[in-house]
Amino acid sequence: MSAAREILKSVFGYDSFRPMQEEIIEHVVAHHDALVLMPTGGGKSICYQIPALIFRGTTVVISPLISLMKDQVDALNANGIGADALNSNNDESANEAIRQRCESGLTKILYISPERLQREISWMQHSLNISLFAIDEAHCISQWGHDFRPEYTQLGGLHQMFPDATLMALTATADKLTKEDIVRQLNLREFKLFVSSFDRPNLSLDVRRGYTGQDKLKAILSIISKHENESGIIYCLSRKNTEKVAEQLVDAGISAKAYHAGMSADERNAVQEDFINDRVDVVCATVAFGMGIDKSNVRYVIHYNLPKSIENFYQEIGRAGRDGLPSETVLFYNFQDIVTLRSFVNDSGQREINSEKLDRMQEYAESQICRRRILLNYFGENSESGNSNCGNCDICKHPPRRFDGTILVQKALSAIKRTGERIGFTMTADILKGTRSEEIVKNSFDKLKTFGAGEKTTLKHWHDYLLQMLQLGYIEIAYNENNHLKITESGNEVLFGKKTAELALAASVEARQDSEPKSRARSGRSKFAKGHGTTAAWSGLADGGDETSALFEILRKVRKQIADENSWPAYVVLSDRTLKDLAAQMPQSLGDLHNVFGFGEKKIEKFGQRFVDAVKEFLGR
Ligand code: ADP
Ligand code: ZN
């Protein structure tokens, strides 16, 4: 067995590498630079942690996220690896102790922020033998990326200052320009580019179109009910929404908190800590949340609004299911999102690029073909075989049924025309539905021939069909005229019967969406005796019988105790996947633990017996 494989098994407790990991490690161990592109949760850390254990000297990991460092250091320590983080959170005596440990070789992996690095460079040059610099979030070096950090630019001098050290840059987001920028600015030499697949097959993809407030809440509650006692994130576009949604959830008896940039740093840290340590289940957050979180057992990510770009979207859903267990992602998308996001784009400095990015995001949300294919295509992974539908997105599971929607489209267009194209999205739907709102009466729109012409179709469906019409190019939004809808040339052709319009049936999509959560929740719960809440790690998995799931809950409690004793998050002790494997295998000796996924030697030695005892007690021996 190669040294790398041996470490993977003995230290981390994993049997096999994920795609690319082994090649990357071999390349770096041979002292060649590398640029690694892997999706969030893809397993980047091991790519520098294993070389760090093979090299004689110290490995320095540069990361902009101080909160993440603590997690990673905890996780490494739990596996018996000497790791520390030098940063401004420590007092000077703590930092001095860390320096000592580095010099004596006790600390193999040192995490540091780029700001801090500047102050420590001369100490590092004189007192350390640095084998490897791992530059995490490497896209921060590029102005082209979405996260430029000026402190990163100094990293270009690393090779000159540390001629013997190998450089490794890692990121989850890099388009072509950013990629080139990273290589150039870091002065990578003899480097190789490693791009792993961006596919995360354990994440299900689902888009719900045309939902507004109450419908969203209902759907969200239904999703959460499938994941009792489990962690999830809800991303909202505005601070106000994060608070509103969190409040609605709390009212419904759910443990939820808001997180946004308007809160103080202390408040935000408290929420983050609560989430990491499973003290709060749901965080409703603006995009600011999650960057510094490595929590492996996030079971669902919901987008309350359409994100700005596919990059953002993919990074955010990537925070679900890092442990590889099935996890759910749901995106809500309605007209208001488009209006809000378009106005952001128009006010932004890089209007053209941002507009293009939003277009692509919208295309994803409107897609009538496998959504995973759209995502992978976006990241330049073209599926070669014709039949590469993923089977784990809403389109694959419930192919949209199409129908001749010419009459519906004509009704909508005619309503818009008869008002002189002076109404927006909501008003159009209301006129079609025949809702006698104050605004409608005031404008005498209730006298229009088209008022109530579509009353048999629900309001929600009208919202869906109007969105489809927008995407099909029959109407467009006049952003400079109060977002009124205008009929395009192509729309006029449909209106005047020169061509037909095909729509996707909204009713069928909805029927399965409303029925699915209930039926799935039921089947998930039926596997559990009352009081055993954690269903989702099992739902959809064939191997979760009554007995194993009861044992899972017992093991969860043991894990929680160990976590509290060490002040670690539960997932640092063992991942959900390891617990699941324990519950399935029911090991009754320390030796048996070597066959359990993710149970490395240090962990077996430290607390293996407690899990074995719990299994034995459960089995009544
Ligand atoms: P990221 O690429 O986002 O930094 P991480 O390095 O945090 O991802 O890895 C995500 C999760 O996958 C971690 O829990 C890690 O332990 C696990 N992991 C990484 N490599 C493997 C492997 N070869 N086998 C099993 N689990 C792995
Ligand atoms: Zn699919």
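The 4 donor atoms around the zinc ion (ligand 2) subtend angles of 103 to 120°, which makes their arrangement tetrahedral. The structure is a predicted model, in which local features need pLDDT of at least 70 and side-chain atom pairs count only at pLDDT 80 or more, while totals for chains, interfaces and linings use all residues. Residues are numbered from 1 along each chain as its sequence is written, chains are lettered from A and ligands numbered from 1 in the order in which they are written, and side-chain values use heavy atoms, with hydrogens and water left out.

The SG atoms of Cys-370, Cys-390, Cys-393 and Cys-396 coordinate the zinc ion (ligand 2) at 2.4 Å. Donors here are N, O and S atoms within 2.8 Å of the metal (3.2 Å for Na, K and Ca), and since water is not among the atoms, sites may look incomplete. Along the sequence, the donor residues of the zinc ion follow the spacing C-x19-C-x2-C-x2-C. Cys-370 sits in the loop between α14 (351-366) and α15 (371-378), and Cys-393 in the loop between α15 and α16 (394-397), so this pair ties together parts that are 23 residues apart in sequence. Helices (H or I, at least four residues) and strands (E, at least two) are DSSP runs, numbered from the N terminus. Cys-370 and Cys-393 are both buried, where buried means under 20% relative accessible area, exposed over 50% and partly exposed in between (1.4 Å probe, protein chains only).

Helix α14 also holds Met-361. This residue is buried, with a relative accessible area of 0%. From C-alpha to C-alpha, Met-361 and Ile-374 are 9.9 Å apart in space, and they are 13 residues apart in sequence.

Attention now turns to charged side chains. Side chains of opposite charge can pair when their charged atoms come close. A salt bridge is counted when a side-chain nitrogen of Lys or Arg lies within 4 Å of a carboxyl oxygen of Asp or Glu, and by this rule there are 37 salt bridges. One of them joins Asp-464 to Arg-209, with the closest N and O atoms 2.8 Å apart. This pair links distant parts of the chain, as Asp-464 belongs to helix α20 (residues 459-472) and Arg-209 to strand β8 (residues 203-209), 255 residues apart. Both Asp-464 and Arg-209 are buried.

Other pairs have other surroundings. Lys-9 and Asp-15 form a salt bridge whose closest N and O atoms are 3.0 Å apart; Lys-9 is partly exposed at 24% relative accessible area, and Asp-15 is exposed at 55%. Asp-274 meets Arg-279 in a salt bridge of 2.9 Å, N to O. Here Asp-274 is buried at 15% relative accessibility, whereas Arg-279 is exposed at 51%. Salt bridges also link Glu-92, Glu-96, Arg-99, Arg-116 and Glu-120 in a network.

Finally, ligand 1 is surrounded by 16 residues, the closest being Tyr-14, Ser-16, Gly-41, Lys-44 and Ser-45; a residue is included if one of its heavy atoms lies within 4 Å. Polar contacts, meaning pairs of N or O atoms within 3.5 Å, can be traced here too. An oxygen atom of ligand 1 lies 2.7 Å from a polar side-chain atom of Tyr-14, and an oxygen atom of the ligand is 2.6 Å from a side-chain N or O atom of Ser-45. The protein buries 86% of the 570 Å² that ligand 1 exposes when taken alone, with areas from the Shrake-Rupley method and a 1.4 Å probe.

Conventions: Four donors count as tetrahedral if all angles lie between 85 and 135 degrees; four count as square planar and six as octahedral if opposite donors are over 155 degrees apart and all others between 65 and 115; anything else is irregular. A polar contact is a pair of N or O atoms within 3.5 Å; within protein, one must be able to donate a hydrogen and the other to accept it, and residues adjacent in sequence count only if both atoms are side-chain atoms.
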